[in-house]
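Student: I would like to go through this structure term by term. Please set each value against its cut-off.

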Amino acid sequence: DAEITQSPRHKITETGRQVTLACHQTWNHNNMFWYRQDLGHGLRLIHYSYGVQDTNKGEVSDGYSVSRSNTEDLPLTLESAASSQTSVYFCASSASGGLTEAFFGQGTRLTVV
Amino acid sequence: TQLLEQSPQFLSIQEGENLTVYCNSSSVFSSLQWYRQEPGEGPVLLVTVVTGGEVKKLKRLTFQFGDARKDSSLHITAAQPGDTGLYLCAGGAAGNKLTFGGGTRVLVKP
């Protein structure tokens, strides 16, 4: 069965360190998204991609970057982790065109100490 | 930036009672989706509504899209403990980008 997986599920890192969160999907979807979820804010879009070599900034992109070298993967990098980036991160993918369902990974809980 | 506000933020009811969750915006959306999220999991799509005034039913869940496509509601009839979870509305825009509301946490007590 097709799926979308995130790793690691839990990560503790120190302030100032670079951290990369992995997202891998086997749906063969062109669209991939990264969100962060914090209490009271729902899900906020960090970055998204519509295909290989395409990346775009979302509403809360400062301090984050992504790259899309293939269809399956969209890693999210925190350049220099800050305590404000402690959150649960979700990756999602969807098919191109029209109204499509977004499939979410199980999330990565990141703590920056 | 398009914003979606959900109310209430938290709802605790007894099994068998009915509940309604609201999702409101000052912006028009091309579509509105409802997701349910359980602890430790990602959101899972329940329904998509696209036409103003549209009503969709999924067993005991009824979803409505406002005539002006700015608001939506989710009504659960005779709630069961299995309905417990975080309910999220999401407005669809160009490029399949979704704008999420803050979520409504529902607790159904047996």
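Student: How many disulfides does the structure hold over all chains?

Tutor: Two, over all chains. This is a predicted model, where local features need pLDDT of at least 70, side-chain atom pairs count only at pLDDT 80 or more, and totals for chains, interfaces and linings use all residues. Residues are numbered from 1 along each chain as its sequence is written, chains are lettered from A and ligands numbered from 1 in the order in which they are written, and side-chain values use heavy atoms, with hydrogens and water left out.

Student: What makes A:Cys23 and A:Cys91 a disulfide?

Tutor: The term asks for a pair of cysteine sulfur atoms within 2.5 Å. For A:Cys23 and A:Cys91, S to S is 1.8 Å, so the pair meets the definition. The link is left-handed, with -75° about the S-S bond. The pair links distant parts of the chain: A:Cys23 sits in strand β3 (residues 19-25) of chain A and A:Cys91 in strand β9 of chain A, 68 residues apart. Strands here are DSSP runs (E, at least two residues), numbered from the N terminus.

Student: Why is the disulfide of B:Cys23 and B:Cys89 called right-handed?

Tutor: The torsion about its S-S bond is about 75°, so the link of B:Cys23 and B:Cys89 is right-handed. Their sulfur atoms are 2.0 Å apart. B:Cys23 belongs to strand β3 (residues 19-24) of chain B, and B:Cys89 to strand β9 (residues 85-92) of chain B.

Student: How do you know that B:Cys89 counts as buried?

Tutor: Buried means under 20% relative accessible area, exposed over 50%, and partly exposed in between (1.4 Å probe, protein chains only). B:Cys89 has 0% relative accessibility, so B:Cys89 counts as buried. B:Cys23 is at 1%, so B:Cys23 counts as buried too.

Student: Is A:Gln53 buried or exposed?

Tutor: Its relative accessibility is 66%, so A:Gln53 counts as exposed. A:Gln53 lies in the loop between β5 and β6 (54-57) of chain A. Its phi is near 75°, a positive value in a residue other than glycine.

Student: Why is B:Arg69 called partly exposed?

Tutor: The relative accessible area of B:Arg69 is 29%, so B:Arg69 is partly exposed. B:Arg69 lies in the loop between β7 (61-65) and β8 (71-76) of chain B. Phi of B:Arg69 is near 60°, again a positive value in a residue other than glycine.

Student: What makes A:Ser87 and A:Asp38 a polar contact?

Tutor: The term means a pair of N or O atoms within 3.5 Å; within protein, one must be able to donate a hydrogen and the other to accept it, and residues adjacent in sequence count only if both atoms are side-chain atoms. The side chains of A:Ser87 and A:Asp38 are joined at 2.8 Å. A:Ser87 has a relative accessible area of 6%, so A:Ser87 is buried. The place of A:Ser87 is in strand β9 of chain A.

Student: What do chain A and chain B bury between them?

Tutor: About 1600 Å², 52% of it on carbon and sulfur atoms. Buried area is the accessible area (1.4 Å probe) that two parts lose on being put together, summed over both. Four residue pairs are in polar contact between chain A and chain B, both residues at pLDDT 80 or more. On the side of chain A that touches chain B, β5(A) supplies the largest share, five residues.

Definitions and conventions. Helix = DSSP H or I, 4+ residues; strand = E, 2+ residues; numbered from the N terminus.
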